[in-house]
Amino acid sequence: MNIKVLFFGITTDLTGEQEVVLQVNEELSINDFKSILKEKYSNLEHLDTYALAVNEAYVSYDIFLKPNDVVAIIPPVSGG
Amino acid sequence: MIRTSIKISSQKLDVKECYSFVEDDTCGGITAFIGTVRNETEGKEVLQLDFTTYKPMAIKEMQKIADKALEKFDIKKIAIHHAEGMLQIGDIPVIITVSAKHRKAAFLACEFAIDTLKETVPIWKKEYFSDGEVWVNAHP
């Protein structure tokens with residue numbers, strides 16, 4: 001299935017990407033997806049912490065991704 | 001009655017608009033937090049700031065904050081507006097206004113809104129110095 005990934009803030013510099021579509025196996029959990037991201041973009045290791053959002057909402061526990069979900073990588077925010 | 005006004009704009013934010021939105025005859029006061037771009041960070045001169053947003057999600061998170069403020073405090077209306085794009089020293093990145101029957105709730109709701117915005121809303125600022133630029137809070 002296809003998953004669209006959006007990068008923001010410092011992660012655009014670390015990965016050189018703003019938006020990519022990754023093809024992954026069905027029934028993939030968000031935690032497993034995070035491992036795939038780490039493998040593909042090893043520079044993300046340089047970031048102490050980042051959150052993930054699926055379809056414009058923070059994920060606070062492990063969920064399964066669905067085809068065409070949009071995953072956003074949210075480094076520490078600094079609005080205001 | 002619409003009790004919240006949420007906006008992210010690349011145009012100059014309008015204090016009067018946020019003030020007018022929350023004005024209400026049943027209220028005894030209005031509080032406002034107006035963020036302004038400071039000219040230094042830890043002693044280093046800042047030239048300008050660039051704000052990027054994950055706009056659809058940021059709007060949703062700002063709406064959540066406004067809804068939560070209405071639920072948590074005895075307030076009438078709340079406006080939360082944030083700027084995006086390049087801002088110069090003295091420009092306004094954020095405006096929050098709150099109206100309430102009594103002042104205490106208005107002060108508390110305003111503080112709650114800006115504190116929560118800084119923690120949860122997907123907006124990032126990059127500080128530009130004379131010798132380079134840095135994503136704020138990123139600590140890579």
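pLDDT is the predictor's confidence in each residue, on a scale from 0 to 100. For chain B it averages 96, and 99% of the residues score at least 70. For the complex, the predictor gives an ipTM of 0.94 and a pTM of 0.95. This is a predicted model, in which local features need pLDDT of at least 70, side-chain atom pairs count only at pLDDT 80 or more, and totals for chains, interfaces and linings use all residues. Residues are numbered from 1 along each chain as its sequence is written, while chains are lettered from A and ligands numbered from 1 in the order in which they are written.

Chain A comes first. It has two helices and five strands (helices being DSSP runs of H or I with at least four residues, strands runs of E with at least two, numbered from the N terminus). Along the sequence these elements read β-α-β-α-β-β-β. The radius of gyration (taken over C-alpha atoms) is 12 Å, close to the 12 Å that the globule rule (2.2 Å times the number of residues to the power 0.38) gives for 80 residues, so chain A is as compact as a globular protein of that length. Its C-alpha atoms fill a box of roughly 35 × 25 × 20 Å along the principal axes. Buried residues make up 29% of the 80; a residue is buried if 20 or more other C-beta atoms lie within 10 Å of its own, exposed if 12 or fewer, and partly exposed in between, with C-beta atoms placed from the backbone. Of the contacts in chain A with a separation of 6 or more, 59% are between residues 24 or more positions apart (a contact means C-beta atoms, placed from the backbone, within 7 Å).

A:Phe33 sits in helix α2 (residues 30–40) of chain A and is buried, with 22 other C-beta atoms within 10 Å. Leaving aside residues up to four places away in sequence, A:Phe33 touches A:Ile3, A:Val24, A:Leu28, A:Leu65 and A:Val71. A:Gly16, by contrast, is 17 residues from A:Phe33 in sequence and 19 Å from it in space, C-alpha to C-alpha. A:Asn68 lies in the loop between β4 (57–58) and β5 (70–74) of chain A and counts as exposed, with 11 C-beta neighbours inside 10 Å. A:Asn68 and A:Met1 are 67 residues apart in sequence, yet 7.1 Å apart in space, C-alpha to C-alpha. A:Asn55, in the loop between β3 (51–54) and β4 of chain A, is partly exposed, with 15 other C-beta atoms within 10 Å. Its phi is near 50 degrees, a positive value in a residue other than glycine.

On to chain B, with three helices and ten strands in the order β-α-β-β-β-β-α-β-β-β-α-β-β. A compact globule of 140 residues would have a radius of gyration near 14 Å, and the 16 Å of chain B agrees with that. The C-alpha box is roughly 50 × 25 × 25 Å along the principal axes. Buried residues account for 36% of the 140, and 77% of the contacts between residues at least 6 apart in sequence join residues at least 24 apart.

Strand β6 (residues 75–83) of chain B has nine of its nine residues buried, so it is largely enclosed by the rest of the structure. Strand β1 (residues 4–9) of chain B pairs with β6(B) in the parallel sense over six bridges (pairing requires at least two DSSP bridges between two strands), and B:Ser5 has B:Ala79 of β6(B) as its bridge partner. Seven bridges join β6(B) to strand β8 (residues 94–100) of chain B, running antiparallel; here B:Lys77 stands opposite B:Ser99 in β8(B). B:Ile78 touches B:Thr4, B:Val22, B:Ala66, B:Ala69, B:Leu70, B:Val98, B:Ala109 and B:Ala113, again not counting residues up to four places away in sequence.

B:Ile78 also turns up in the largest nonpolar core, a set of 54 residues in which A:Ala72, B:Ile78, B:Ile80, B:Val98, B:Ala109 and B:Ala113 touch the most other members. Such a core is a set of buried Ala, Val, Leu, Ile, Met, Phe, Trp, Tyr and Cys residues joined through C-beta atoms within 7 Å. As for the interface, 23 residues of chain B are in contact with 18 residues of chain A. The elements giving two or more residues to that side of chain B are α2 (55–72), α3 (103–120) and β9 (123–129) of chain B.

How values were computed
Two residues are in contact if their C-beta atoms, placed from the backbone, lie within 7 Å.
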